[in-house]
Amino acid sequence: MVLKKKDILKALETISVAGEGKNMVEAGAVQNIMIFGDEVVVDLVLATPALHIKKRAEVDILKAIHEQVYEKAKVKVNIKVEAQEKKKPEIKGKPIPGIKNIIAVASGKGGVGKSTVTANLAVTLSKMGFNVGILDADIYGPSTPMMFDVEAERPLSVNVNGKSKMKPIENYGVKILSIGFFTKPNQAVVWRGPMAAKALNQMIFDAAWGELDFLLVDLPPGTGDIHLSIMQSLPITGAVVVSTPQNMALADAKRGVAMFQQESINVPVLGIVENMAYFTPEELPENKYYIFGREGAKNLAEDLEVRFLGEVPLVQSLRESGDIGRPAALQEGTPLEEAFKEITRNMVEETVKRNENLPATEAVKITTMAGCSAVNKK
């Protein structure tokens, strides 16, 4: 009997590969078939080295050829094992139409001024000419409404393409959404993780953000459930980590950086900001007192090989500006304004580099530094 390759292939199509859900021809396991008279040699590649699977495949091939092609065929099966490379799991979010870059502002611990830095970054970006928004993701301690003097405001419902959306509150050129707009000032938010995550998703996807160059996400302290929910919901462009110079804060900041660098999360860290870098009394502006240590966050950035974005001094006007709801970066010609200009410029530079050198996860990329030329716009 003359054996034909097409008949052998047809017989092998009746054999399924364990774990593939396909027959061995369709799955690409059959690499080659050679016929020499009544001899048939089948080269097979399997993804698993398990002995029982290899033996089962050999038996199935012999049986299929003998029963469906030629019962006296001399069949030899060569099996090679090539483990398939497993794809690394990645947390990916859905892009929000119109939002170009989403920056997560995080800290390993509370009390380091993360929300203050976020507010002033947003105001500085706005002064540079960018369209900016803040998502206050600190469900249990929302402070952004106070920092922008909009505590009494409530988001309105607007119609966007036939759907009802929340219109963010806007002040100083920054669009804001926070759970603080939906709770009373003396009301505690006592929610479990899933409920908090649902509230965040509503503020993200049921909001009329419009066109934004930057959406800053003010994350709560730590590395917990809210952080994962945000990174599952949003394609984060990059992260900024805020710390003070003291060792206690640096240890937690290091964990914060490590969270973003995990393989399953893989969010580029744009840099580290050192808040409360030194104390300068108003009557002695040239004096610097390193209350919490000196250049701790700068040294940490060097150790972790991420950019040091800049430092913010501990001055009384920074606290006062937050309390009255007018971010310090709005104060023209002050050391605080200059500090936040430098930090913001560096952050934008790192965002541009990130978008040029890594696959984009956002809808649109920043491709120029044009916004920074607007730094002196009034």
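The model is a predicted one, in which local features need pLDDT of at least 70 and side-chain atom pairs count only at pLDDT 80 or more, while totals for chains, interfaces and linings use all residues. Residues are numbered from 1 along each chain as its sequence is written, and side-chain values use heavy atoms, with hydrogens and water left out.

I begin with helix H2. Helices here are DSSP runs of H or I with at least four residues, strands are runs of E with at least two, and both are numbered from the N terminus. H2 spans residues 51–68, 18 residues in total, and reaches 26 Å from its first C-alpha to its last. That is close to the expected 26 Å, the expectation being 1.5 Å times one less than the number of residues. Its buried residues are Ile53, Ala57, Asp60, Ile61, Ala64 and Ile65. They lie on the same side of H2, because they cover an arc of only 120 degrees around the axis; the arc is that of the directions from the helix axis to the C-beta atoms. The face turned away from this buried side carries the exposed residues Leu51, His52, Lys55 and Glu67. Buried means under 20% relative accessible area, exposed over 50%, and partly exposed in between, with a 1.4 Å probe and protein chains only.

I turn next to the annotation. The unreviewed UniProt entry places a "binding site" at Gly108, Lys109, Gly110, Gly111, Val112, Gly113, Lys114 and Ser115; UniProt positions are given in the numbering used here, feature names are shortened, and annotations may be inferred rather than shown by experiment. Glycine 108 lies in the loop between strand E4 (99–106) and helix H3 (114–127), and glycine 110 is placed in the loop between E4 and H3 as well. Glycine 108 is buried at 17% relative accessible area, whereas glycine 110, at 39%, is partly exposed.

How many salt bridges does the structure hold? There are ten, a salt bridge being a side-chain nitrogen of Lys or Arg within 4 Å of a carboxyl oxygen of Asp or Glu. In one of them, lysine 100 meets aspartate 213 at 3.2 Å, N to O. This pair links distant parts of the chain, with lysine 100 in strand E4 and aspartate 213 in strand E10 (residues 212–218), 113 residues apart. Lysine 100 is partly exposed at 28%, while aspartate 213 is buried at 12%.

Lysine 127 and glutamate 337 form another salt bridge, at 2.8 Å. Here the link runs from helix H3 to helix H10 (residues 335–357), across 210 residues. Both partners are buried: lysine 127 has a relative accessibility of 17%, and glutamate 337 has 3%.

Glutamate 350 is buried at 15%, and lysine 353 is partly exposed at 41%. Shared partners also join Lys127, Glu332, Glu337, Glu338 and Lys341 into one salt-bridge network.

Finally, the surface. Leu284, Tyr289 and Ile291 make a nonpolar patch of about 280 Å², with accessible areas from the Shrake-Rupley method and a 1.4 Å probe, only the protein chains shown counting as cover for residues. Patches are made of residues with over 30% relative accessible area and no salt bridge, like charges being joined within 9 Å and nonpolar side chains (Val, Leu, Ile, Met, Phe, Trp, Tyr) within 5 Å. Isoleucine 291 sits in the loop between strand E12 (269–279) and helix H8 (296–304).
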